Structure formats: C-alpha cells, structure tokens
Amino acid sequence: MAALERIPPLVVASFLPHSLCALVIKYESVIHEFDPYFNYRVTQFLSKNGIYEFWNWFDDRTWYPLGRVIGGTVYPGLTLTAGTIWWVLNSLNIPLSVETVCVFTAPVFSAFASWATYLLTKGSGAGLTAAALLAMVPSYISRSVAGSYDNEAVAIFALIFTFYLYIKTLNTGSLFYATLNAIAYFYMVCSWGGYTFIINLIPMHVLLCIVTGRYSPRLYIAYAPLVVLGTLLAALVPVVGFNAVLTSEHFASFLVFIIIHVVALVYYIKGILSPKMFKVAVTLVVSIGLVVCLIVVAVLVALVASSPTGGWSGRSLSLLDPTYASKYIQIIASVSEHQPPTWPSYFMDINACFSPLSDASSFVVLYIVMSVYFSGVMVRLMLVLAPAACIMSGIALSQAFDVFTASIKYQLGEMSNSKDDVKEKISTNNETKDDASSAKGEKVAKERPSKKGKKKEREPADKPSVKSKIAKKKALVLPLEASIVALLLLIMLGAFYVIHCVWAAAEAYSVPSIVLTSQSHDGLHVFDDFRESYAWLSHNTDVDDKLASWWDYGYQTTAMANRTVIVDNNTWNNTHIATVGTAMSSPEKAAWEIFNSLDVKYVLVVFGGIDLNINKFLWMVRIGGGVFPHIKEADYLRDGQYRIDSEATPTILNCLCTGTNLSCKFVETDGKGYDWVRRTEIVKKNFKLTHFEEVFTSHHWMVRIYKLKPQKNRIRGKGKKLKLKTSTGFSKTAKKNPWM
Amino acid sequence: MAAKVSDEMAARIWIFVVAVALSLSLPSFASSQDLQIVNAERRIDLSSHIVKAFLTLKVENIGKNPAADMLLAFPPTQIKHLSMVQALAVTGKKKKKAYLPLDVKPSEQPDAPNDTGYFLVTFATPLTPGETVTLEVLYILTHSLEPFPMEIAQSEAQLVYYRDSAVILSPYRIKQQTTYFKTPSTRVESFTSVEPANRAGKEIKYGPYDDRAPYSYAPVIVHFENNSPFAVVEELVREIEISHWGSIQITENYRLTHGGARHKGVFSRVDYQSRRSISGSSSFNGLLAVLPPRVNSVYYRDDIGNISTSHLRTGYKKSELEFEPRYPLFGGWRATFIIGYRVPLEDYLFEAPDGRRYLNFTFGCPLVETIVNKLTIKVVLPEGSKDPSAVLPFTVNQDLQVKYSYLDIVGRTVVVLQKDNVVPTHNVPFQVYYTFKPIYMLAEPFMLVSAFFFVFVASLAYVHIDLNIVKK
C-alpha cells in the first residue's frame with residue numbers, strides 16, 4: 001500500500017519537467033541551437049527513407065567535397081527513439097510532424113529520467129525528493145527543455161536507468177535484471193558517447209567491492225553478464241564497432257572482468273579446499289600468476305604505445321589531462337562546452353548539493369565523486385553530475401525532514417504524555433546527533449565548491465542556506481521551536497530552489513538561441529535574422545550551390561537551408577576546417593582562390609553587432625595556423641590582443657572576414673565604422689570588395705551572404721576599358737523598345 | 001401502366017427532337033453576319049499586374065433571325081492568360097439602369113482563324129432583328145505584363161511591356177470603337193502609334209476607329225513603368241477541415257514569388273533601409289490577407305518555424321492579417337509560408353432543406369491583388385460523411401481523396417477542387433454538400449474510452465491472475 005501512496009507525487013514529479021519545459025513555448029515550438037538541428041535532419045531522413053537507408057546514408061550535403069557517412073558516425077539512439085515514436089503515432093493516425101516529435105522528445109525523456117531517479121534512490125521520501133529535484137535541476141533542464149533535441153536528452157535517462165538496473169541486479173542477483181541491465185547499457189551506447197562513464201564507473205565500483213572484501217556471487221552476476229553482453233551489443237552500434245574492444249576507454253572493464261574471475265575462482269577453491277591446502281595453492285598460483293600478468297601487461301603496454309595517442313581518443317584524453325586539448329587539438333578547445341567550467345556556473349547549475357547525509361550506498365558515493373571530478377574538467381559533464389547531486393540531496397533533504405518532523409512529533413507526544421520514557425528520549429537524541437554530526441562532515445566537504453561560487457555571485461538562496469545550517473545545529477538543543485523554524489527554513493530554501501530553477505529554465509535555457517529578443521522602450525524586438533537568411537538561401541539559391549561559413553553554422557545551414565556546406569559542427573576533419581579558417585583570415589584575393597578551389601558559391605558571415613564573428617575569428621586564425629604555417633597568430637595581434645581600432649595590424653585589416661564584416665557598409669549609415677560590442681572605431685572604412693559581392697543581408701544585419709564573383713576574362717591594357725564601354729553601350733540600346 | 005410508359009417515351013422523344021432542332025439551328029442563330037457592334041469602348045487597366053479590361057459593347061441584330069447569343073474573340077496570346085470573363089446586360093435607362101448577369105462559356109469554333117479563342121455570351125432573351133442591347137464585359141488577364149529589361153538592379157525601376165491590339169478582335173463588324181490604356185504612372189517609355197492615338201497623363205487613347213471589318217487586328221506595345229507588387233502565388237493549397245465539434249480549421253500553404261523583372265547583382269540592405277523609395281521600388285515586403293470575421297487561433301509560419309512579422313486586425317465584417325515574408329521579395333525571389341486559422345462552425349456550415357449539410361465558404365486566395373497560378377482547395381469532411389458534391393459558379397477540376405487524421409479508421413472524405421490562374425475576382429462563395437450522421441461524432445471518444453477501459457481491465461487481470469507454474 002505504501003508504494004501505491006507514492007504514485008501520485010511521483011506522477012507530479014515526472015510531469016514537472018513538462019510544465020517547466022512548456023516555458024519554451026513562450027517563444028514557439030522550435031528546435032534549439034546547433035546540434036539538435038543535425039539530429040532533427042537525421043530524424044527527418046529516417047522517417048522519410050526508413051531504417052536501412054539510414055544505416056547506409058552517405059551525406060553529400062556536408063563536408064563538401066568529402067561528404068560524411070552519417071549512418072556510421074552518428075550515435076543513433078536519439079534519432080531511432082524519436083523516429084520510432086513518430087512511426088507509432090502515425091500508424092495510430094495521429095498526424096504529428098517529425099518536428100513536433102523531436103521538440104518534445106527531451107521533456108518526455110526527462111520525465112522518464114526522474115522516474116528512473118526515483119527507482120535508483122529507493123526509499124520512500126528520498127526517492128521522491130530526488131525525482132522532484134532532478135525534474136527541476138537547471139543543469140539537466142538545459143538539456144531537457146522542449147526543443148533541446150540532443151543526445152543527452154535520452155542519454156541521461158539511459159544512464160540513470162542503467163545504474164538502477166545495476167543496483168537492482170546487485171541487490172537481487174537475478175540474471176533477468178542483469179540481462180536488462182546489458183540492454184539498458186546498449187541503449188546508452190546507442191545514445192551518447194558518455195557511455196564510457198558507465199563502463200568505467202561500474203568496474204571501479206566492482207573493484208572497490210572486491211578490495212573492501214565484499215565480493216559475492218551477486219556482484220559477479222551484476223558484472224560479468226554486463227561486460228560480455230554489453231560489449232557484444234555495443235559492438236553492434238556502427239559508430240562504436242570494434243572500438244568496444246580496441247580503445248583504452250574499455251580496458252578497465254576487461255581488466256576488472258579478469259580480476260573478478262580470479263577472485264571468483266579463489267573463493268570457489270577456498271570453498272572446496274581445506275585451509276592448509278588453500279595456503280599452499282595460493283603461494284603456487286600467485287607466483288605463476290604474477291609472471292603471466294607481467295607478460296600480459298607488457299603486451300598491452302606495447303600495443304597501446306604503438307598507437308599515436310596511446311589508444312585514447314582526443315576527447316577522452318582531454319578529460320584525463322585538462323591541458324591536453326589546448327596543447328594539441330585547437331578544435332576541441334574551441335568548443336565552449338568542452339572547456340573547464342567557471343565556479344559560478346557550478347552554483348548556477350547545481351544549486352542542490354547543500355547537505356548530503358551519510359548512509360548512501362558506496363556506489364552512489366563513487367558516482368558522485370567521479371562525476372564531480374569529470375564535471376570539473378568539462379562543463380558539459382555537469383550533466384552527469386546533476387543526477388548524482390539530486391540523489392544525494394534528495395536523501396539529505398528527506399533525512400532532514402524526517403529528523404525534524406520526528407522530533408516535533410516526539411515533542412508533541414511527550415508534552416501530552418507527561419515525563420515518562422526519559423531514557424528512550426536520550427537514546428534517540430544521541431542517535432540523531434550521530435547522524436547529524438556525520439552529515440555535517442560531509443556537508444562541509446560538499447559545500448566548498450558552492451561556497452566559492454557564492455563569493456563571486458550573490459544569490460538569494462545564499463543567506464537561507466547558512467541560516468538553515470545554524471538552525472539545524474540548534475535543532476538538537478532546542479527541540480520543538482528550533483525544529484519548527486528549521487523546517488520552515490528548509491521549506492523556504494526549497495521554495496527558493498524552485499524559484500531559481502524556474503527562473504533559470506525560463507530565462508537561461510529555454511531561449512532558442514536561433515531567435516534573439518531584446519526589450520526596448522516600444523516593446524519586444526525579435527531578431528530572427530538567422531532563419532531569415534536560411535530561408536533566403538533555401539528559396540533563392542540553386543539546390544546544389546555550396547556555402548562556406550564558419551563551422552558553427554554548418555548544421556543549421558544543412559537542416560534549414562538545405563544547402564551543401566564545407567564544414568559543420570561535426571568537427572572531424574581539422575584540415576578542412578583549417579582551410580576555411582585560412583580563407584576567412586586571408587586577404588580577399590587569396591580567400592577567393594581558396595573558396596573557388598572548394599567550388600564555393602556563397603560565403604555566409606555573421607556580422608558585428610550582437611554575436612560578433614571576431615570572437616570566432618580568433619579561432620579561425622588559430623585553427624588555420626595549426627595546419628597552414630603561413631597563418632601566424634602574431635601577425636594579427638597587437639600587444640597580445642586582437643585590435644580593430646586605430647592600432648590594428650595591417651594583416652587583420654586586409655582579412656576577408658574582418659573586411660566583409662566590419663567595414664563594409666557602416667560608413668554609409670552613420671558616417672563612421674563603429675564596432676558596437678567593442679566600442680571602438682574601426683580604422684578601415686570604405687572597404688570595397690572586388691572579388692565578392694553582397695547578395696543578402698538580414699533585417700538586423702546580423703547575417704550577410706556574399707557571392708563569389710565569376711572570374712573575369714583575361715584582357716590586357718586598354719582592351720578591358722573598351723570592352724566595358726561596349727557592354728554598357730549595348731545595355732543602353734537594349735533598353736530601348738525594339739519595335740520603334 | 002402501358003399508357004404511362006408510352007407517355008414517358010413520347011416525352012423523351014419530344015425532348016430529343018427539340019434538342020436536335022436547337023443544336024441544328026444554333027449556327028444560323030449566331031451567324032456573324034447577323035450581328036454587328038454599333039459602338040465599342042474598351043478600358044484596360046494596367047495599374048497592377050492583374051490586367052483588367054472593361055468592355056462596353058452595343059450590339060445590334062441586323063439579320064433576319066433572332067440571335068440567342070454572341071461571341072467574344074481573344075487572340076491566342078491572351079487566351080492562355082485569360083483568367084475570367086464576365087458579361088452583364090444593361091437594362092433600363094439612366095436612373096433605372098440595372099445589370100443582368102449573363103452566362104459566359106468558352107466555346108470552340110470550327111472556322112477560327114489563327115487559333116483565336118472564343119467565349120459564348122448567351123443573351124437573357126434572344127435578340128430580335130433590329131433590336132440592340134448594351135453589354136458590359138469584364139475580362140481579366142494575368143501574366144500579361146512582360147518585364148523589359150528582363151533583369152534590373154536594386155535601384156532601377158521596373159519597366160514592362162503590354163501587348164494588345166488597338167482595335168478589338170471580334171467576329172463582328174464594329175462601327176465605332178475606342179480603346180483606353182490606363183498606366184500606373186505618367187512614365188511611359190513608348191507606345192505604338194496607330195492613328196489616331198494620343199497620350200494624356202496616365203491614359204493612352206487609341207481611336208476612335210470607324211467601321212472595322214471582322215477580325216481586324218492592329219498590334220500595339222505599351223512600354224511603361226509599373227512598380228506595383230508582382231505578387232504571384234505559384235501554388236496555394238488550402239485545406240478546410242470541418243469538425244462538427246464546433247470549428248473549421250483552415251491551413252493555407254503558399255509558395256510565393258515575385259513575378260516581375262529579375263533582380264540582378266548586389267542586394268544592399270543599407271540602401272534598402274535608408275532609401276526605400278528609390279532603392280528596391282519594385283520589390284515588396286508587406287502583404288495583406290483578408291480573412292473571415294470571428295477568425296481565431298491565427299498563425300503564420302514556414303517550414304523552419306514561426307515568423308514574427310505579422311499583425312492581425314479582427315473586425316465585424318472581415319479580419320485583416322498584415323504580414324511580411326521573412327525577407328523582402330525582389331524580382332524572381334521566392335518564399336514559402338503557411339497561414340492557418342480557425343473559424344466558428346456555425347458561421348459556415350448549414351443544413352439544407354433536404355437534410356443534407358453544406359459548407360458555404362469563399363473560393364480563391366485571401367491575399368489581395370495576387371495571382372494564383374495553381375489553387376487547390378481541399379475540403380476535409382468529417383469521418384463518416386457521404387455523398388459529397390461541390391457547387392461552384394465556374395468550372396474547376398474536382399476529385400475525391402481520403403485523408404487519415406487523428407485516430408481515424410475509415411478515413412475522411414476530401415473534396416479536392418483545383419483551378420489554375422485564379423485572381424481575387426474568384427473570391428466568391430462555393431458550397432460543398434454532404435450527408436453526415438451525428439452519431440459518428442462519438443466514435444473517437446468511444447474508442448479512447450474503451451482503450452483506457454481495456455488497459456485498466458488488463459492491469460486488473462494481470463494483478464489478480466497468478467501465472468506461476470509452481471505455487472510459491
């Protein structure tokens with residue numbers, strides 16, 4: 001019956017994401033940002049052409065002239081999920097468009113995720129609190145708002161659900177759940193590259209259990225089938241394939257797999273041999289085993305050392321060594337999502353980890369420790385931390401509530417029941433004291449990151465959390481009044497948390513960055529320039545025209561304008577991106593030659609004003625310089641800075657990108673070229689283009705599209721002028737009426 | 001019984017005889033020698049890209065037989081651009097003047113010279129010998145202004161050719177005639193001179209010409225400036241979905257283009273925004289759609305999302321939706337968009353005296369001053385509707401389809417009406433009749449209820465039935 005009582009709040013908790021995500025409709029039901037547009041395009045292809053075509057899809061609309069094998073390079077989980085939902089709905093004659101399904105996949109899966117969190121946390125109150133917290137935690141909301149159609153949308157559910165099934169198997173020792181666990185892991189592998197987190201975390205936990213002497217057959221059941229089935233299934237996903245056994249990310253699981261078998265064997269032998277015989281056997285086996293292990297390790301080291309990156313992919317390496325990216329791969333470092341987070345972003349994103357109590361399982365502890373480390377390295381992995389933090393704070397909150405309500409209840413009961421049972425009271429008090437003091441220890445440890453954040457950013461939730469801490473200490477001294485106060489403070493804190501979450505969801509995360517708005521004195525202004533330009537491209541250029549832009553806009557261009565792009569957000573070919581970067585940071589003539597050699601017909605640049613391409617320009621130079629040595633960053637810098645004012649270097653002023661961007665037409669409107677973001681006057685005005693022509697500029701001038709002029713006929717000397725004259729003369733006569 | 005049958009037979013034979021006699025006698029009725037046009041005045045309005053010609057004809061029967069109808073002739077270059085022809089007979093004089101609409105049908109003539117196209121105007125009462133009648137004819141031409149030069153830059157004005165004849169093409173002798181061309185501005189580059197012809201302000205006058213023989217033709221070209229928006233909808237699909245639960249949902253898919261002189265070279269937003277009157281004068285940005293009154297849930301979007309530049313004014317007699325495409329349209333540029341809205345059911349759905357229901361809605365395109373090259377109207381009837389039939393004042397291609405929408409099983413009948421070359425004059429009411437039993441309205445709620453019911457029954461059964469082979 002208790003389980004049934006919990007269903008309504010759980011339903012509420014799982015619908016919370018929906019109501020929060022509906023905030024996005026404040027604007028419109030639209031897909032957000034960059035990557036989701038690619039996923040949307042893939043889903044469209046899938047729903048139109050079917051699954052077999054999807055696996056064999058060679059996309060010639062991107063990375064021209066190389067193309068991209070989509071079926072083999074994409075994590076198919078998300079698109080297959082949305083495609084299946086779409087197919088089911090349409091076969092029931094519910095005619096939802098692919099776009100609608102894609103937009104609402106994330107909120108639906110966030111509901112599943114909070115349900116999975118409830119299951120994982122277990123325990124009545126804690127599970128519900130954790131589920132409710134997850135439904136609201138801003139860092140997860142950033143990935144689960146309607147329209148955020150990215151891999152993480154389904155992956156977080158898969159992650160939590162896999163952990164839940166692992167714990168479930170660990171508790172029951174049932175092979176059924178072990179198989180389910182492998183399937184859940186397979187779904188995770190399908191959905192997101194972050195599956196390596198699972199395949200490293202679970203072995204670590206298993207190792208921890210073995211080391212602490214908690215080996216059991218249940219542990220074996222939970223782990224061995226997962227590795228065998230999971231690896232086999234993972235190898236089925238084209239994008240993973242043999243990487244599932246070849247790359248170093250997976251080696252930890254195999255090593256632990258061997259270890260667990262050795263341990264199992266030892267326990268088995270221990271069971272059948274007498275203690276004396278066992279000792280003899282151990283010495284024998286250990287001596288032989290050591291030799292074998294050494295050989296194996298030597299072979300492995302040799303294998304790993306023979307590959308250039310040591311068998312680790314670039315992104316994983318940058319995880320282990322935070323300085324790796326900036327040293328070797330500019331492109332990974334240039335993605336803001338891959339950069340170490342700032343401390344305020346910790347506070348902004350995870351406002352929940354205030355007071356975890358003990359008594360969480362070792363797995364959850366391990367989980368939270370690991371995710372704290374990884375999220376410290378890469379801001380994107382904050383997402384992995386969010387469920388862990390929610391679980392911890394869910395447990396903590398419900399424990400705190402339990403303590404306070406129990407003490408209030410006890411006090412009230414005591415008042416009515418006069419003064420007997422004093423001994424019992426003391427004992428319970430002691431218990432709660434122990435509980436709370438151990439909690440404090442952990443609390444202080446966990447508080448540190450957020451405290452640092454607080455210093456930088458004052459938040460309304462700051463004061464109450466400190467107060468509640470003080471209040472909680474006193475709860476044991478002043479039982480009744482203090483615990484009521486503490487309870488109220490806790491509720492207040494929770495309310496602040498909800499307000500913060502709603503605010504974050506509404507203001508920070510549910511703004512589709514493709515549409516910008518600004519509040520001015522005469523109402524709301526909508527800047528819809530990107531879609532304006534994409535629509536123009538899709539209707540007014542030839543279907544096979546190639547478009548060059550910086551890679552950020554690649555996915556959107558292919559999805560919305562349906563035009564072939566040179567580079568896109570799937571930054572798999574550094575040289576190609578460097579070529580575009582070089583062209584953008586070259587003088588006009590050289591740029592024209594590079595673009596012409598790539599068969600480009602249009603160049604899209606983002607103009608100053610709001611989102612300035614100068615910020616991207618820095619990366620164009622760096623990436624270009626990484627491959628083509630004649631592009632030197634130093635040429636563009638003055639005093640270690642990019643300057644476009646009077647002290648700018650001549651190289652930067654001759655660049656195509658800056659030229660087209662900054663100087664072109666400002667002069668004509670307000671008499672001086674003025675860069676609004678930097679508040680500096682641009683020195684080079686009256687820029688006249690000779691090899692490109694402006695064919696489109698969006699309403700607020702954010703996006704400009706240039707067309708490469710065709711090559712001129714080679715005419716020498718005066719012949720050129722003569723030719724020009726005749727041509728204009730002809731056009732004049734042609735204007736006349738032929739009938740007269 | 002036998003007598004009755006023979007009566008019926010007799011009646012049929014009689015009808016047949018009459019029909020044969022009529023068909024045989026037709027040529028003698030409409031012989032071109034029998035009619036002549038005493039006076040003809042033609043005013044051609046060239047101010048927008050929809051060319052409207054107003055023709056006033058005074059027709060006299062000089063033959064010996066009464067004439068039931070007369071022919072209007074059009075040169076082959078015009079016949080394919082001809083969007084509609086309407087004729088009115090003027091009855092009464094001065095203040096008692098009244099107009100009587102006449103039946104106009106396209107017709108084929110075996111002896112047509114040079115592929116001339118014909119329309120047959122049937123008089124209200126046959127014209128007796130010596131009698132005269134005054135006709136007012138309106139015909140509308142689309143795609144008849146040819147831009148020249150074909151390509152213009154942003155700052156140039158758009159110049160167009162209009163080709164026609166100085167004298168009216170007609171199978172009848174015309175005693176006296178005059179033609180006026182009205183241009184949108186005073187800037188006229190040139191016009192062919194057929195004496196007497198002169199120009200005053202915005203008007204070019206050809207004529208009066210006396211006594212022209214049948215099939216006289218004098219080609220003229222007028223070259224003038226026309227910067228009116230050449231908004232051409234290449235294809236418009238309007239879906240009108242009837243729900244007996246209280247609303248009609250209309251979804252309109254537009255493929256719009258600028259049909260004027262093609263834009264060439266640079267598009268400079270600075271020039272466009274700062275000097276709008278000089279720069280980009282031939283382009284257009286704002287459009288106006290006239291929607292029904294009491295319209296609600298209006299949306300305006302395209303394939304990639306909502307378009308925020310629109311403004312709706314609801315009124316008592318009509319609603320107006322002012323909107324802009326995502327970008328201004330220059331010559332040859334295209335844009336697609338979708339407009340959707342909902343109107344209350346009771347305003348447009350009625351019950352006919354014979355128990356059938358009918359939808360009474362407006363044909364054509366809601367955009368003002370727009371040509372639609374291909375218009376498809378799909379009337380989606382509710383599931384379970386039978387015997388659909390459409391009633392229109394002009395001929396359209398009709399077709400039936402089936403559409404599956406929310407939780408449909410047998411599908412909804414769709415009446416598809418398709419017409420090419422549609423102009424705003426086609427915005428007249430049309431009716432679609434069908435029979436529908438209200439019980440079908442409950443089918444889908446019943447399905448949902450039973451589906452939930454079975455889910456709960458199944459879960460009840462699952463909880464209560466022990467499926468274990470061995471008892472625990």
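**Exercise 1.** In this predicted model, determine how far helix α28 (residues 574-584) of chain A is enclosed by the rest of the structure.

*Solution.* Begin with the count: 9 of the 11 residues of α28(A) are buried, so the helix is largely enclosed by the rest of the structure. Next, identify the residues concerned, which are His576(A), Ile577(A), Ala578(A), Thr579(A), Val580(A), Gly581(A), Thr582(A), Ala583(A) and Met584(A). Finally, look at the start of the helix, where a side-chain oxygen of Asn573(A) comes to within 3.1 Å of the backbone nitrogen of Thr575(A).

**Exercise 2.** Work out the strand order of the open sheet of 5 strands in chain A, and state which helix packs on the sheet.

*Solution.* The order runs β6-β5-β7-β13-β12 in chain A, and the pairing is mixed. At the edges stand β6 (564-565) and β12 (692-697), each of which pairs on one side only.

**Exercise 3.** Decide whether Arg326(B) is buried or exposed, and describe what its side chain reaches.

*Solution.* First locate Arg326(B) in the loop between β23 (319-323) and β24 (334-344) of chain B. Its relative accessible area is 10%, which is under the 20% limit, so Arg326(B) is buried. A polar atom of its side chain lies 3.2 Å from the backbone oxygen of Gly305(B), while the side chain reaches the backbone oxygen of Asn306(B) at 3.4 Å. Beyond its sequence neighbours within four places, the contacts of Arg326(B) include Asp528(A), Arg531(A), Glu532(A) and Ala535(A) in chain A, as well as Asp302(B) and Ile304(B) in chain B.

Methods:
Residues are numbered from 1 along each chain as its sequence is written. Chains are lettered from A and ligands numbered from 1 in the order in which they are written. This is a predicted model: local features need pLDDT of at least 70, side-chain atom pairs count only at pLDDT 80 or more; totals for chains, interfaces and linings use all residues. Side-chain values use heavy atoms; hydrogens and water are left out. Two strands pair if DSSP finds at least two bridges between them. Helices (H or I, at least four residues) and strands (E, at least two) are DSSP runs, numbered from the N terminus. Contact means heavy atoms within 4.5 Å. Axes are lines fitted to C-alpha atoms, for helices over the stretch in contact, and angles run from 0 to 180 degrees between N-to-C directions. Buried means under 20% relative accessible area, exposed over 50%, partly exposed in between (1.4 Å probe, protein chains only). A polar contact is a pair of N or O atoms within 3.5 Å; within protein, one must be able to donate a hydrogen and the other to accept it, and residues adjacent in sequence count only if both atoms are side-chain atoms.
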